[in-house]
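I opened my notebook to look up strand pairing and salt bridges. My entries follow.

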Amino acid sequence: MAFKVEIISKEMIQPSSPTPPHLKTLTLSFLDQIVPPVYVPLIFFYSSYKSDRVPRFESLKQSLSNTLTRFYPLAGRLRDDAYVDCNDTGAEYAEALVHADLRHVLENPRDDDLRKLLPVDSYAGAGEVLLAVQANLFECGAAAVAVCVSHKVADGSSLVAFVNAWAAENQGSGHAAVGPRFDLANIFPPREDLCGFRPTAGMTKEKVVTRRFVFDKVVLEKLKAAVAAAEGSQVTDPTRVEVVSAFIWKQVMEVARVSSRKIYAAIHAVNLRPRMSPPLTESSIGNLWRFAAAVSPLETSMTYDSLVTQLRTAIKKIDDEYVKSLMSGNTYLEYMRRLSEPVAKGELEFCNFSSWCRFPVYKADFGWGTPVWVSTTTMPFKNVVILMNTRCGEGIEAWVSLLEEDMAAFERDSELLSLTNTNGKPLA
């Protein structure tokens, strides 16, 4: 059901305390430099079923201001794609009325409707505002807090850390949280020369369609059992993320085989924080991820279990030694150059995966209770799959973004339809 969103107010929220002079400049790390200039969106939905915990927005602006004092770069502005001027200009904050009930959104979540709740267009490139928020109030009294952060200064883990800190501040427990760290440029020094690498590579203006496919607990166990029992399988203990990623990768390649002879590589984002020695915590803010690449040539048998094996093998290579090679940047840029050559020739396509399943998105309690649902939306990339936990934590929601014509074929796949629920209510 389509609905109208009416913007009631919009303003800039500045940190409650000025940023000290010695923190006025935040240099981007090498890993920040090479990420695309887009917004990362998340939407947190809150019900109004408890009369004593009905969502109220009165305190949101002050708690946001207080939180920005600790997350001060998010109130600054990016300069020359090299550093953040932490000038306290502020984060964009809007309040809106949604002329619909929350149940209408949850009965059949549609990406076009979800994007109406965002403070900025997630499909466009990131603008000068690094953090934008929109607090949406539904006619039934429910709420949706939509947050978009520039990928140049934060990854998904950083975004969730910020939202949870803001939520804790709003209910009066924010000072107990561990303070964020903004020191990644000391670990991954920036480079003046990116050797021709373009962070915008991969962004598209073509029509991308996003659909949500739900793998419930029973289906996940079935997929895991199929991989473990396959003859000659090298993975007897597959994870939920591995089986879903390999399944979607396989189906995307099946669709591609009909119209092209391209090789499809699975690119899986990997959080570097726990893989470093010593490991970094989630309080380290910035871009601390890189991707593992698994390639399956068209000539191979492409069995389901072999794809899981390839994914696991690729991800295992992202270890402390790999992280150390990133610190100079030379090896990685050369690797990217080699990988981009067959892409430029039209011989290779990427199927990009990012798992947010371990992000504590359902802990974001602004004082109204925990979210009844958390979602994302389309970004300007094709062949992208974002994996998120269902609310109960036992299933996985796969947000699949493909070109319009590819999605038309993908969502008709009989095996996909037999295993997933495309219209499942998030609360079911």
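I count two strands as paired if DSSP finds at least two bridges between them. I take helices (H or I, at least four residues) and strands (E, at least two) as DSSP runs, numbered from the N terminus.

I am reading a predicted model, where local features need pLDDT of at least 70, side-chain atom pairs count only at pLDDT 80 or more, and totals for chains, interfaces and linings use all residues. Residues are numbered from 1 along each chain as its sequence is written, and side-chain values use heavy atoms, with hydrogens and water left out.

**Strands.** I started at β12 (residues 348–355). It runs parallel to β10 (residues 263–271), joined by six bridges. Here I found Ala266 opposite Cys351. β12 also runs parallel to β14 (residues 384–389), through four bridges. Ser355 stands opposite Leu387 there.

**Salt bridges.** I looked for a side-chain nitrogen of Lys or Arg within 4 Å of a carboxyl oxygen of Asp or Glu. I got 26 salt bridges. For burial I used relative accessible area: buried is under 20%, exposed over 50%, partly exposed in between (1.4 Å probe, protein chains only).

I checked Glu397 and Arg212: their closest N and O atoms are 3.3 Å apart. This pair links β15 (residues 396–403) to β9 (residues 208–215), 185 residues apart.

Next came Glu349 and Lys382, at 3.3 Å, N to O. Glu349 lies in β12 and Lys382 in the loop between β13 (373–375) and β14, 33 residues apart. Glu349 counts as buried because its relative accessibility is 12%. Lys382, at 24%, is partly exposed.
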